[in-house]
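Visitor: I would like to learn how to read salt bridges in a model. Please take me through some cases.

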Amino acid sequence: MDRIRIRGGNPLLGTISIGGAKNAALPLMAASLLTSQKLTLSNLPHLVDITTMVHLLAELGVAISMDGNVSNGGNFGRALTLVASEPVQKIAPYDLVRRMRASVLVLGPLLARWGQATVSLPGGCAIGTRPVDIHLGAFKALGAEIELKEGYIKAHAKKGLKGANILFPSVSVGATENVMMAATLAEGETQISNAAREPEVGDLANCLVAMGANIEGIGTDTLKVTGVSELKGANHEVIPDRIETGTYAVAAAMTGGDIIMKGTRLELLNALADVLAKAGVEIAGDGTTVRVRRVNSSLKGTDLMTEPYPGFPTDMQAQVMALLAVADGVSMITETIFENRFMHVPELCRMGADINVHGSSAIVRGVPTLSGAQLMATDLRASVSLVLAGLAANGETFVNRVYHLDRGYERVEEKLSACGAEIERISDG
Ligand code: EPZ
């Protein structure tokens, strides 16, 4: 198992290329199932989760070709072409789904295109039980019969899906994406209320419209989808990864650095940019670049609460906690989206951080500096928060089980060492 070694204390100075958004790419790839024509996606990041989705779609019979690396302003995202011609096997097996919960996003497209789908129930994961009841409730409202058997979701819609009015009991990114995709081929009109408004949902909606779907209200919490008989192919460039952007912004802030991030956009950061500005970080955008610097000012503690977009993103909570751990003053972080997303806390405390968890809130009392330590990664965003802490700590830090990191961050040690960080990957065979 690989691990990462960091010797902290170097300010990050230089340029970092930001890749396409993992959480946009995954539903976009699933959307290929909705048409028999060619869907080409560009600016795809080189990530384990993307490869897992390639394996899953190939297992379902989708023909996939990689059109090499396509440079977009120095960023070498992959371009994939996907063709889901008839007939496609309709079982998403446990072995692939257990590796990546986003596999459940093939359920809606399979059901809409072929009227049947068998998808392994995605298990929970480190950050929570992650049920799919909201997805399944919506598919039933569209006329599907759902049976849970031997750990699988067996869905049928013999007469096809019928449009319906759907009100989500709580905001769900995946359920919004799954149901929106299914509704594009349902008969009649579907209204999805309390829909997620994350930029990745909007990116998927824009691609579906390019494929011939009829979707109104994109970017709002109420989507209106009027079903069409079939969708066509399209060419679509994946939006930049706002969480990767935010992660490197925090890295620059924690190390007192000054970096330019290319291939991304400031407007994707909104609530995060506000929190970073309150903490004393300078952040500015110019078209497709974002500059982040903190050279002389000290970091100031601030409170935050994770919320659905446009609120503060839960996927940035662990990273900003690492920053607040070395800020002046006390901060309160409240996690409202997942029930167990504080697993980075005990590891940060082993580096000398002063953090106390009370239910869904954590009180962070800033300390002057952290000290390097042997650390254990537990989930994707917790892992990267430990890397960030190591960059700012005195001494040497080892982050073990970095396979968690590789699911969502491309070449993290290369991108950081190119900006002066002393960081290397150690392969233990
Ligand atoms: C997406 O997960 C992201 N993953 C997550 O990113 C992100 O943290 C999350 O949205 C919230 O923004 C991808 O897009 C691939 P949800 P998703 O459905 O769709 C509960 C990362 O680090 N819920 O919005 O699974 C759920 O348990 C990952 O890149 C139900 O109760 O998230 C959670 O508490 C981690 N029933 C809350 O809703 C359901 O049917 C929000 O989940 C569905 C969800």
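Predicted model: local features only at pLDDT ≥ 70, side-chain atom pairs only at ≥ 80, totals over all residues.

Visitor: What counts as a salt bridge?

Guide: A side-chain nitrogen of Lys or Arg within 4 Å of a carboxyl oxygen of Asp or Glu. The count by this rule is 23 salt bridges.

Visitor: Is glutamate 267 buried or exposed?

Guide: Buried means under 20% relative accessible area, exposed over 50%, partly exposed in between (1.4 Å probe, protein chains only). Glutamate 267 is exposed, at 53%. Arginine 265 is partly exposed, at 28%.

Visitor: Which residue does arginine 5 meet in a salt bridge?

Guide: Glutamate 396, at 2.6 Å from N to O. Arginine 5 lies in strand E1 (residues 3–7) and glutamate 396 in strand E23 (residues 396–400), so the pair ties together parts 391 residues apart in sequence. Strands (E, at least two residues) and helices (H or I, at least four) are DSSP runs, numbered from the N terminus. Arginine 5 is buried, at 14%; glutamate 396 is partly exposed, at 31%.

Visitor: How about arginine 341?

Guide: The side chain of arginine 341 meets that of aspartate 315 in a salt bridge, 2.8 Å from N to O. Both residues are buried.

Visitor: Which residues do shared partners join into one network?

Guide: Arg5, Arg7, Glu396, Glu422 and Glu424.

Definitions and conventions
Residues numbered from 1 in each chain as written. Heavy atoms only, no water.
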